[in-house]
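Here are my notes on this model, as numbered points. Please read them with the structure open.

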Amino acid sequence: MLALVGIQPSEILLTKDFDTLLARLKLSKAELLDARRPLLRVVGLKTASNMSNISSSLMNSKSAGDPRSKEFEAPNFAMTAENLEHQIFTIDSPDQLRAVLKKIIPTGLAANQQSSAETYINKMVKIFEDCQDSGGLTPEFLALDKGIITQQGVPEVVEGILSGKTHG
């Protein structure tokens, strides 16, 4: 459910109950990471979904005739969609997330646009790392998740990438 819809308050309480249970089990750090892996994969999936929204909006700017996007080409995944789906559903590390997010953005970005997109990717990876470090959902991730469905913030990110402005 966490992966399919916006995270609901009841699901946040469920993850807190899960954390309480894990704390009582006296698990090693490696065992805790294994237990939380599905939750972190949801964070990776949601982050990839956010980047997909941004990529679609960037391609829509090309369709709308924005001259800043005239060189954009749809992402060339260099693999089957099934393989990319597998990569998205098995994100376990910041490096894996970064690699997937880079595959989602269009090709043909100008150097300053690419730099801006990479800055945004770094921000998304940082959110993932913070969730990984805290062992749960951070306020930054919850804000991102809330905005994914409504695409809140997407126009600002897209404009930042189109104009080549670094945003943080």
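How much of the chain counts as buried? Of its 168 residues, 40% do. Keep in mind that this is a predicted model.

1. Overall make-up. The chain holds seven helices and zero strands. Read along the sequence, the pattern is α-α-α-α-α-α-α. Consider the contacts with a separation of 6 or more: residues 24 or more positions apart account for 74% of them.

2. The main core. The largest nonpolar core has 35 residues. Within this core, Met 51, Ile 54 and Leu 101 have the most contacts. Five helices each supply at least two of its residues: helix 2 (29-63), helix 4 (94-104), helix 5 (111-134), helix 6 (139-150) and helix 7 (154-163). Helix 2 gives the largest share, nine residues.

3. Leu 101. What does Leu 101 touch, once residues up to four places away in sequence are set aside? The list is Thr 47, Ala 48, Met 51, Ile 121, Met 124 and Val 125.

4. Asn 50. This residue sits in helix 2. Is Asn 50 buried or exposed? Asn 50 is buried, because its relative accessibility is 4% and the cut-off for buried is under 20%. Beyond four places in sequence, Asn 50 touches Tyr 120, Met 124, Leu 144, Ile 148 and Val 154. Met 124 lies 74 residues from Asn 50 along the chain, yet their C-alpha atoms are separated by 9.1 Å. Met 124 is also on the contact list of Leu 101.

5. Helix 5 against helix 7. The two axes come within 6 Å. They cross at roughly 145°. On the helix 5 side, the residues are Asn 112, Gln 113, Ser 116, Ala 117 and Tyr 120. On the helix 7 side, they are Val 157, Gly 160, Ile 161, Leu 162 and Ser 163. By class, this contact has five nonpolar, five polar and no charged residues.

6. Ala 117. Ala 117 belongs to helix 5. Why does Ala 117 count as buried? Its relative accessibility is 2%, and buried means under 20%. Leaving aside neighbours within four places in sequence, Ala 117 is in contact with Ile 105, Leu 109 and Ile 161. Ala 117 and Leu 162 are 45 residues apart along the chain, with 9.1 Å between their C-alpha atoms.

7. Helix 7 and its end. Which residues of helix 7 are buried? They are Val 154, Val 157, Val 158, Gly 160, Ile 161 and Leu 162. Of these, Val 157, Gly 160, Ile 161 and Leu 162 also meet helix 5. Just after helix 7 comes Gly 164, with a positive phi of about 75°.

8. The largest pocket. How much space lies in the largest pocket? About 210 Å³. The pocket is lined by 15 residues. Closest to its centre are Tyr 120, Ala 143, Leu 144, Gln 152 and Gly 153. Helix 2, helix 5, helix 6 and helix 7 each supply at least two lining residues. Helix 6 gives the most, with five. By class, the lining has nine nonpolar, four polar and two charged residues. Tyr 120 and Leu 144 are also among the residues that Asn 50 touches.

9. Ala 99 is in helix 4. At 36% relative accessibility, Ala 99 counts as partly exposed. Ile 88 is eleven residues from Ala 99 in sequence and 9.9 Å away in space, C-alpha to C-alpha. Glu 140 is in helix 6. Its relative accessibility is 45%, so Glu 140 also counts as partly exposed.

How values were computed: Residues are numbered from 1 along each chain as its sequence is written. This is a predicted model: local features need pLDDT of at least 70, side-chain atom pairs count only at pLDDT 80 or more; totals for chains, interfaces and linings use all residues. Side-chain values use heavy atoms; hydrogens and water are left out. A nonpolar core is a set of buried Ala, Val, Leu, Ile, Met, Phe, Trp, Tyr and Cys residues joined through side-chain atoms within 4.5 Å. Buried means under 20% relative accessible area, exposed over 50%, partly exposed in between (1.4 Å probe, protein chains only). Helices (H or I, at least four residues) and strands (E, at least two) are DSSP runs, numbered from the N terminus. Contact means heavy atoms within 4.5 Å. Axes are lines fitted to C-alpha atoms, for helices over the stretch in contact, and angles run from 0 to 180 degrees between N-to-C directions. Ala, Val, Leu, Ile, Met, Phe, Trp, Tyr, Cys and Pro count as nonpolar, Asp, Glu, Lys and Arg as charged, and the others, Gly among them, as polar. On a 1 Å grid over the protein atoms alone, a cavity is a set of points where a 1.4 Å probe fits but cannot get out, and a pocket is an open set with protein on both sides within 12 Å along at least five of seven lines; lining residues have an atom within 4 Å of a point. Grid points are joined across faces, edges and corners, and a volume is the space filled by probe spheres set on the points.
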